[in-house]
Amino acid sequence: MVTLSTGGAYLLHGTEVVEVSEDKDRVLEAKLGKSVAKEEAAKNTMAYRILEQHNQSDTMDKLKIKFDRLTSHDITFVGIIQTARASGLTEFPVPYALTNCHNSLCAVGGTINEDDHMFGLSCAKRYGGIYVPPHQAVIHQFAREMLAGGGKMILGSDSHTRYGALGTMAIGEGGPEIVKQLLSQTYDINMPEVIGVYLTGKPQNGVGPQDVALAIIGKVFANGYVKNKVMEFVGDGVENLSVDFRIGIDVMTTETTCLSSIWKTDQKVKEFYEIHGRSEEFAELNPGDVAYYDGMITVDLSAVKPMIAMPFHPSNTYTIEELKANLLDILEDVEKKALVSLDQNKVSFTLRDKVRDGKLYVEQGVIAGCAGGGFENLCAAADILRGKNIGADEFSLSVYPASQPIFMELVKNGRVADFMAAGATVRTAFCGPCFGAGDVPANKGLSIRHSTRNFPNREGSKVTNGQIASVALMDARSIAATAANRGYLTAADEIEVQYTQPTYFFDKTIYENRVYNGVGKPDSSVELKLGPNIKDWPKMSPLTEDILLQVASVIYDPVTTTDELIPSGETSSYRSNPLGLAEFTLSRKDPGYVGRAKEIRAAEEVRITGACPMRRNEAIGAAFSTVKKFYPDLKARATEIGSVIFAVKPGDGSAREQAASCQRVLGGLANIAHEYATKRYRSNLINWGMLPFLLPKGELPFENGDCIFIPGIATAIREKADRITAYVVKGEELKEFYMELGDLTEEEREIILKGCLINYNNISSK
């Protein structure tokens with residue numbers, strides 16, 4: 001079904017894969033009649049060519065990328081624009097789309113959500129951007145329909161910014177990277193490795209894009225095969241997939257932790273652009289005649305079966321057939337894995353109680369968002385449900401078309417009527433079910449969803465309130481089959497159905513009538529509409545030569561998601577208020593963190609006033625007294641004080657910058673980790689002036705509440721020190737240990753030294 005090469009591989013003429021080895025190198029030379037330099041063949045990937053066209057530096061080893069277009073949604077664009085304003089923004093230099101698909105339905109906070117939307121509209125008018133009103137489209141569907149372009153690059157402040165199936169290299173990053181583009185700065189990365197994904201064969205009846213995506217994720221996530229790399233989709237199997245099918249696979253590449261994706265394009269992609277009235281955006285993309293890849297994933301589409309990703313990660317995958325055949329054993333294994341992330345003193349988690357007469361019963365189904373809400377997914381689900389009903393028991397089904405144009409076509413072709421007759425509810429474009437702001441299951445409920453993630457509590461439950469629910473990811477077709485079976489798990493290949501595959505007609509007037517397009521027309525006379533919740537970022541201090549940290553949280557989970565660092569759901573309404581949102585930091589993982597961080601911050605606030613901070617915090621005062629014995633010239637007023645969290649591998653999941661910025665506004669000065677789950681989380685830390693320390697795996701020389709003294713940190717950053725010396729304060733002793741900061745660009749070093757990206761741009765918040 002899915003196999004991985006053990007080393008690099010060549011793709012010959014787009015049709016033949018030759019893995020690298022001594023014997024096969026001779027085979028390669030015999031086939032081509034010449035030797036091929038690996039370095040030259042690597043330049044024949046589609047990814048290399050696109051990156052080269054967008055690179056502003058004089059080397060392809062250290063890239064400085066400028067993007068063609070930008071996109072953000074309503075829980076990120078307020079903070080982004082506020083940061084850019086504080087840094088001197090005058091107008092958007094490239095098309096920038098502000099969509100409103102995350103806080104569309106949240107009712108928390110009164111007028112907050114609509115205030116943020118009106119702020120976005122006023123920014124689009126003042127700075128020359130695109131404003132997509134609530135319920136019109138989820139961010140990624142609008143980008144596919146109206147922003148993508150062959151050979152183009154798009155940067156989005158959402159981790160699922162993936163438009164590779166349309167020939168567009170897209171990257172999801174934290175807000176500060178969008179800010180840099182708005183200020184005509186660059187996105188700086190080392191040249192990423194490129195992994196080929198060779199598709200062959202044709203999917204079986206009943207198999208959808210989520211099935212293929214989960215099969216790939218299950219194979220590559222745990223081993224980091226594509227982490228921070230570009231996935232390049234090639235092979236004869238691509239032509240056997242519709243564009244909608246390709247899009248459904250592509251959007252889920254984020255869950256592999258890859259950097260970006262790109263697909264070869266063909267006549268079907270050309271027709272996609274023509275349907276959407278943008279034929280000029282099509283570009284035919286193919287790898288060169290001999291292309292070298294740093295690894296090769298081979299996917300036999302004909303061998304993929306309907307899949308399920310069990311709680312609590314998209315990589316926890318099984319075929320539905322395998323799950324049903326080993327039901328109790330697999331459910332018990334899922335429960336054991338959950339013990340790592342869930343506080344069993346607060347909740348009791350089980351799935352084995354879902355087994356009824358030997359079958360798995362689920363209480364809820366959702367088909368939604370950028371992954372599930374596509375036209376073909378919903379038409380296929382409607383075909384399965386036509387003439388059936390979901391029953392009058394616990395099971396419910398919600399359907400969210402990804403855009404208003406898709407919704408309208410489903411109304412016109414009768415599929416909405418099919419859903420409604422079956423008992424499903426059909427709703428407007430909204431991302432809420434994907435992050436806990438809509439369709440939150442009942443306590444102890446199990447939901448099956450064609451959406452992007454199923455992390456703990458992401459569906460909206462609150463462990464600290466004694467609640468627990470869980471999500472399993474499935475394709476829309478198998479969700480519909482389960483719905484037709486009234487909640488009993490059923491794979492789409494278990495039923496007989498005639499898929500009608502209706503033609504899609506895009507009505508461009510929907511967007512022409514409702515979407516504000518001010519690209520190239522900034523109007524500085526427009527006053528920004530600032531609701532009472534919209535606040536400026538608080539000032540951040542530059543890094544001092546020496547620092548004293550106090551550990552405010554220690555997390556032992558193998559992976560810590562951004563949802564656990566700053567929960568989504570109803571908290572999203574407060575994302576235009578940095579201090580307000582910070583109150584929720586780690587609230588579903590370590591509820592005591594905020595109080596501890598504030599106590600540490602209070603000492604730093606005293607220091608900033610010029611007074612001695614050591615009397616403000618007893619533990620910090622005692623630690624400083626010990627440090628002074630070994631460093632008698634150390635000055636308390638010149639030593640920055642901050643909190644630090646340790647997590648084994650933090651940052652999996654969302655691009656949300658608030659996972660870092662909330663720590664920062666609470667006085668956070670660093671993270672310590674054995675590994676960072678994603679580049680984007682580490683970048684968020686750096687852009688908010690936080691030190692991304694790395695500790696050797698297996699080492700943990702401190703405990704929660706300990707103080708850590710790091711002398712000469714500013715000099716170490718300037719001098720690019722490979723190793724950072726630090727000391728844990730233990731009573732009257734200092735215990736030495738070592739950390740690293742990893743690779744930092746010159747700009748990243750300056751950002752950390754100056755305290756944050758706003759300071760780096762040398763204009764204070766107004």
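Predicted model: local features only at pLDDT ≥ 70, side-chain atom pairs only at ≥ 80, totals over all residues.

Biologist: Is Gly109 buried, exposed or partly exposed?

Modeller: Gly109 is partly exposed. Its relative accessible area is 36%. Buried would need under 20%, and exposed over 50%, so 36% falls in between.

Biologist: How far apart are Gly109 and Phe430?

Modeller: In sequence, 321 residues separate them. In space, their C-alpha atoms are 19 Å apart.

Biologist: Back to β6. Which sheet holds β6?

Modeller: An open sheet of six strands. The order is β9-β8-β5-β6-β7-β25, and the pairing is mixed.

Biologist: Which strands stand at the edges there?

Modeller: β9 (169-172) and β25 (516-517). Each has a single partner strand, so one side of each has no neighbour in the sheet.

Biologist: How do β8 and β9 pair?

Modeller: In the parallel sense, over four bridges. β8 covers residues 153-156. Met153 has Met169 in β9 as its bridge partner.

Biologist: Which helices lie across that sheet?

Modeller: Helix α4 (residues 77-86) is one of them, lying across β5 (69-72) and β6. α4 runs at about 140° to β6. Helix α7 (residues 175-182) lies across β5, β6 and β8, at about 140° to β5.

Biologist: New topic. What about the sheet with β2 in it?

Modeller: That is an open sheet of three strands, in the order β3-β2-β14. The pairing is antiparallel. β3 (16-19) and β14 (290-293) are at the edges with a single partner strand each, so one side of each is left without a neighbour in the sheet. From one strand to the next, the twist averages 25°.

Biologist: Which residue in β3 is opposite Tyr10?

Modeller: Val18. β2 (residues 9-12) and β3 form four bridges in the antiparallel sense.

Biologist: Now β20. Are its faces covered or open?

Modeller: Both faces are covered. Gln364 and Val366 are on one side, Gly365 and Ile367 on the other, and all are buried. In general, side chains of a regular strand alternate between the two faces of the sheet.

Biologist: Which strands does β20 pair with?

Modeller: β21 (residues 396-399) is a parallel partner over four bridges. Val366 has Ser398 as its bridge partner in β21. β23 (residues 446-450) also pairs with β20 in the parallel sense, over four bridges. There, Ile367 has His450 as its bridge partner.

Biologist: What is buried in helix α15?

Modeller: α15 covers residues 404-412, and Pro405, Ile406, Phe407, Glu409 and Leu410 are buried. Those buried residues pack against several elements, including α6 (139-146), α14 (375-385) and α16 (415-422).

Biologist: What follows α15?

Modeller: Gly414, with a positive phi near 90°.

Biologist: Last one. Which residues touch the most other members of the largest nonpolar core?

Modeller: Ile297 and Val299, in a core of 124 residues. Helix α14 gives the most to this core, with eight residues. There is also a second, separate core of 48 residues, with Cys123 and Leu757 among them.

Biologist: What does Val299 touch?

Modeller: Leaving out residues up to four places away in sequence, the contacts of Val299 include Met1, Val2, Tyr198, Leu199 and Ile216.

Key
Residues numbered from 1 in each chain as written. Heavy atoms only, no water. Buried < 20%, exposed > 50% of the residue type's maximum accessible area, 1.4 Å probe, protein only. Helix = DSSP H or I, 4+ residues; strand = E, 2+ residues; numbered from the N terminus. Contact = heavy atoms within 4.5 Å. Core = buried A, V, L, I, M, F, W, Y, C linked by side-chain atoms within 4.5 Å. Pairing = 2+ DSSP bridges. Axes fitted to C-alpha atoms, helices over the stretch in contact; angles between N-to-C directions.
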